[in-house]
Every structure is written in structure tokens, then in C-alpha cells.
Amino acid sequence: MTKPSLPELLHAAVAAVGGTERPGQVTMAESVAEAIDDGSHLLVQAGTGTGKSLGYLVPALAHGERVVVATATLALQRQLVQRDLPRTVESLHPLLRRRPEFAMLKGRSNYLCLHRLHEGVPQEEEDGLFDVFESATPSSKLGKDLLRMRDWADETETGDRDALSPGVSDRAWAQVSVSSRECLGASRCAYGAECFAEAARERAKLADVVITNHALLAIDALEGAPVLPSHEVLIVDEAHELVSRVTGAATGELTPGSVNRAVRRAAKLVNEKAADALQTAAEGFERLMELALPGRLEEVPEDLGYALMALRDASRTVIAALGNTRDKSVQDEDAVRKQALASIENVHAVAERIVEGSEYDVIWYERHDRFGASLRVAPLSVSGLLREKLFTDRSVILTSATLRLGGDFNGVAASLGLPREGTAAVAAEDGDGEGDAEPVPQWKGVDVGSPFDYPRQGILYVAQHLSQPGRDGGRGDMLDELAELVEAAGGRTLGLFSSMRGARAAAENLRGRLDLPVLLQGEETLGELIRAFAEDDRTCLFGTLSLWQGVDVPGPSCQLVVMDRIPFPRPDDPLMSARQKAVEENGGNGFMAVAATHAALLMAQGAGRLVRATGDRGVVAVLDPRLARARYGSFLRASMPDFWYTTDRNQVRRSLAAIDAAARAEER
């Protein structure tokens, strides 16, 4: 039997999911197949509606080697596992003469822990385990959730938190889950043979396709010990999120609360001298944190250095003591000890990292109104880590609707540790100028376009006449403009704001002016807000970061997307400002490489909320004149969908009124 061609396979898969074959999807599948065959790397920008999941799944399944697919969002993981993969596998089976297996793998804390469910939660205030099922009031929300999870444990096959519907709060889930550091290990746990997390790992080892998330991919790269099964192909979907997710996984944090929890958990498991030393160090750290002012620490102050050294040394002593003592009076001592050890090891690791001080780390204080002060440390860049860990010994495909910023892929590529596109495969020397040379990863960028006719379906309007945004807020003329646009559109507005304060001020202002419902992020769960926004096309939804990237509402409910200002990072953002300074010190343009690229990515994602289907029409309105006037404006506009561009406010009002009238006529 002759081997089926890629077009045959793609045609069968598209028919199975009830889709329509698109030129961009065909181009993407061919490019992915070529990269996998060559063992090379590929960046693919595939616009909304391209069908990019089949564009990479079909060539990956046809290749026959194990593939790992990492996504940023739960929604895409669900789509792949519940819809795209089952249908694709079935449709390709007659042609491939095999049925590839697939599995989902997440971090351990995403799975129900049977030991914790049945034996209780270690509590630092008591010697034994605390049975939350006995103590939680059955009529309370927590009590009801815990009882529901106990029943669910008897019927679930996966123990995956995301399979529990309706879901539960983080507080409730924490009572029945453990982190990898807190886990006793299958061989030492009474429930090891039935463990949901271990079962998920075993399924992943046998699967041809493993679906995971960016966070686990980051942990796999950072920990040294592999978490994911070996694989020949890595596909990173929603790749525009990868750098921030890896940065998050590589960020360490110390707070007085986390340190004090560690002290309480360990105190009764070690000798009095070790416990006292840790308590004294924790008190010294807490006193310093009470005086901490938000901002970057270019150098660690002497008093903070001493406090951290005391924490580090006391933690090291306690870690050694925890391994040498046993206390038979403690119920289920292994679980209590493991939780204490996890807390103390984190304190030790972060304190030591900051004390040792690396030029490649950024250290800063943060202060939160509710949680108080925290001390954080993050890598200045993750590009070197990604280049070393991601692009070695396997083909890597990175795809998203927004990878081509300012007209090319080089900005995103640089953040991933890749050279400029087309750079010759010359060897890079080690940092000392001698030593072994490492090859430069070779990659290619492909923009397969979008099935949407952006110039006909959408307008990009920049309110050039408005005053420039300042740091103090205010902007009465912007609120007037916003009200006029929303009124012309008849509601149907997604408001994307650079701060929660701005979103709240706009919502309060419009609620007092217009007879239209205005929903505000934070007043209800995000899922409920998006559902209400989609169901009533007279409604407006205002919010911040999660709305810029997480809303998929096709049709007449979203015909106006408003951005209050260009979403540059805050000037006082310690990590972003440090990265910008580092680029400048190396002779580059820090503003364009960091701040403008960050803003371009968000604006491309935000503008992408407007057109989600071939029949969608509308306006993206940016109420920041800098997009039209500033030199970097063309770079930002080139990163957004190719909408028809105007600064004519009257033209836009007429267009919005016409779109509103057409939507009303359609409803009638």
C-alpha cells in the first residue's frame, strides 16, 4: 500500500471535524512536515480561523514519532484532547493503518491526592493530620466542596481537577492535592498503586502524542530531571506566552507568611536549637520586610543580606535535622515531614539564590495591599535557557496568531534565544572565548495568513485628537470619546484597559451616562462575565490583561474593541526595566526590544478579539494618539491585523451606527 500524501491526510482530518480546508492550513501543514523531516525549527503565525491545531497535528501524527504539544491555556488543552485529537486519530486510522494514542499530562498538584483525601492535611499548628472533612461545616461552601470531591474521587478515572464540574476554589483543592515536593512517592505511599498523577505519567509514557502546558514544559527544562517522556518533536501552541510562563516558573519568592509557615511546619520535627535558630532568622526577615519599599534592588542591602544568610543557614540546619529525627507522636509523620521539608527547601533555595547574587538575576521588593511585602528574584532573560533546553536534539514548532511583530519574527525569536532569521549556522564560542563551540539553532518563519478579509471586515481607528495619556490618569476627553463610540455601537463593546483603575473608572462613568449594561472584571468570575457578554449584544465588558487574550465571542455581541492606551509595561516594573537596560548596555534599542515588543504583542492579541468568524464586522478603537503620531506607532500597527486604518472620528461613528443597524435588522 502506498503511503498516503499529506493533502489526503489533511483532507480526511478536516472533514472529520466538520471544518473547511483553507489555503493557510495547507501551507502550515506542509511547512510543519518539512521542519519535522529536516529536524529543523519553525515559527508559524496562523491567524484566527486558520485551523492551526490540525495544521500541526496531521503532519506530526503522519511522521510517527512521539510528539509533545504544549499549550498556555486550559481551553486549548480541552479542545485538543476532547475534540481535535479523537476525531483526527479516527479519520487518519484507515489511511495510516495505525491508531496513535494520546494522553494529557499536567503538574502533580492538578491531580487529586488519595493520601491527602483519606488521611487528612498536615497542619503546622498540630502534631497530627487535620481532617478537613470533619472540621468543615457541612453547610459551608468549603464543606460542601470537600464532600463533593470525596464522592467524585470514587467515580473519576483521571482525578484531574479540570474534570471536576462545577469546579472548586483554590482553597478547597489545596486540601486534596500535593505539590511534587510534598508527594511521598508512589513506593512509600499507601495509595501509590491507585495514584492519579502516577497513572497520568504512565499513560504519557505509552502515548504517541502528549498534551501538556507551558508550565510543565518550563519545569522539565529547569529541574534537570525530566518530567516529560522523551520525544522527537515539540510543538508549542500559543507560543507568544512561552517566555512569560517560563519566567514565572523560574521566579523565586519569599514572604514573611511563607517563611513563618515553614517555621511552624518544621518546629516540632527538629531539635529545639535548630527550631529556635530558624525562628530567630524568620523574625529578623519579617522586621526588614515591614520596612520594604517596592522597587528593584540593584544590590542587596547589607541588612537584607545578613537576614537572608541567617535564613539560609538556619534552613540548611533544619533540612539536615528533618532527615535525622523521628517523632512517633506525630500521626502519619511521613506526610507531615514531607510538607515541612518542601516549605523549608523553598526558603533555603530562594535565600541562597539571592545571597549568592547572579548578574543574570533581577531582585526586587513588591508590596500588595492585601498580602503585604514580598521579595522576588527572576532571571534577567530566559533566552539562553530556552536555546539550550528547547532547541536541542528535537524539532521544535512554535505557533500562534501573534508571532510576527512589526513585520518580522526576529523580536519573538530573540526572546526564545534564536538568532535573526537566515543567520548562518556558525558556531558560537563559550563565554571565555575559548572552549567548545555550540551550534546556532536554525529556524524559519512562516506567516500563513488568515481566512478573514481584515480590510473589509474591520476598521482600526486611532483617536488622534485626544490628549496623550499621562501617569496621573484623569483623561476626561478619553471617557467622552469612549461614551460616544459605545453609544454609536449600541453596546457590543469589549473594553481593554491597561489598569484595573482605568477599567473601573470607565465602567462607573459609562454606567452613569448610558442606558446600557456595563460588566466589570472582578465583579463576577471571568467565565460568567464572558458568558453574559456573549448572550446580550447590548452589553459591554470592561477589564484588563486576561480579557486582552482570553475572549472568543464571534457575532454581534463584540463589534467594538476599545483600548484605552498603548499597553507599555509600567515604567517601575523591575523586571521589564532591567531587561530594557540590559539591551541598551549591549548597544541595542531597549525600548523597542522590550517595551514596544511587549505592547505590540498585547495589541495584536487585543485586536484579534474583534474578528472571530467570517461574518464578523466591527471597529478596533485605540484611544491613544501616540499610535498615530509616535515613531514607534508604525511598528505597533504592523503587528496588528491588517484592518482599514483611519483617524476620522466622524467616519467611525457612521460605520459603528451602520454595523449596529445591520445587527438589529438581523435580529428582527
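1. Among contacts in the chain between residues at least 6 apart in sequence, what percentage join residues at least 24 apart? The share is 76%, a value computed, like those that follow, on a predicted model.

2. On overall architecture, the secondary structure of the chain amounts to 27 helices and 22 strands. The radius of gyration is 27 Å, close to the 26 Å that the globule rule gives for 668 residues, so the chain is as compact as a globular protein of that length. Taken along the principal axes, the box filled by the C-alpha atoms is roughly 75 × 70 × 65 Å.

3. Turning to burial and surface, 51% of the 668 residues in the chain are buried. The accessible surface of the chain is about 30,600 Å², and carbon and sulfur atoms account for 48% of that area.

4. The structure contains 7 aromatic pairs. In one of them, the ring centres of phenylalanine 452 and tyrosine 454 are 6.1 Å apart and the ring planes stand at 80°, which is over the 60 degrees required, so the pair counts as edge-to-face. Both partners fall under the 20% limit and are therefore buried, phenylalanine 452 with a relative accessible area of 8% and tyrosine 454 with 14% relative accessibility. Together with Phe643, the residues Phe452 and Tyr454 form one aromatic cluster.

5. A further pair joins phenylalanine 568 and phenylalanine 591, whose ring centres are 5.3 Å apart and whose planes make an angle of 55°, so this pair is tilted. Phenylalanine 568 lies in the loop between β20 (560-563) and α23 (574-585), whereas phenylalanine 591 belongs to helix α24 (residues 590-607), so the pair ties together parts that are 23 residues apart in sequence. Phenylalanine 591 is partly exposed, with a relative accessibility of 25%.

6. Valine 69 deserves a separate comment; this residue is located in strand β2 (residues 67-71) and, at 0% relative accessibility, is buried. When residues up to four places away in sequence are not counted, valine 69 touches Tyr56, Leu57, Leu80, Val209, Val210, Ile211, Thr212 and Ile235. The C-alpha atom of valine 69 is separated by 14 Å from that of glutamate 241, although the two residues are 172 residues apart along the chain.

Definitions and conventions. Residues are numbered from 1 along each chain as its sequence is written. This is a predicted model: local features need pLDDT of at least 70, side-chain atom pairs count only at pLDDT 80 or more; totals for chains, interfaces and linings use all residues. Side-chain values use heavy atoms; hydrogens and water are left out. Helices (H or I, at least four residues) and strands (E, at least two) are DSSP runs, numbered from the N terminus. The radius of gyration is taken over C-alpha atoms; the globule rule is 2.2 Å times the number of residues to the power 0.38. Buried means under 20% relative accessible area, exposed over 50%, partly exposed in between (1.4 Å probe, protein chains only). Contact means heavy atoms within 4.5 Å. Accessible areas come from the Shrake-Rupley method with a 1.4 Å probe; for residues, only the protein chains shown count as cover. Rings of Phe, Tyr and Trp (its six-membered ring) pair if their centres lie within 6.5 Å; planes under 30 degrees apart count as stacked, over 60 as edge-to-face and the rest as tilted.
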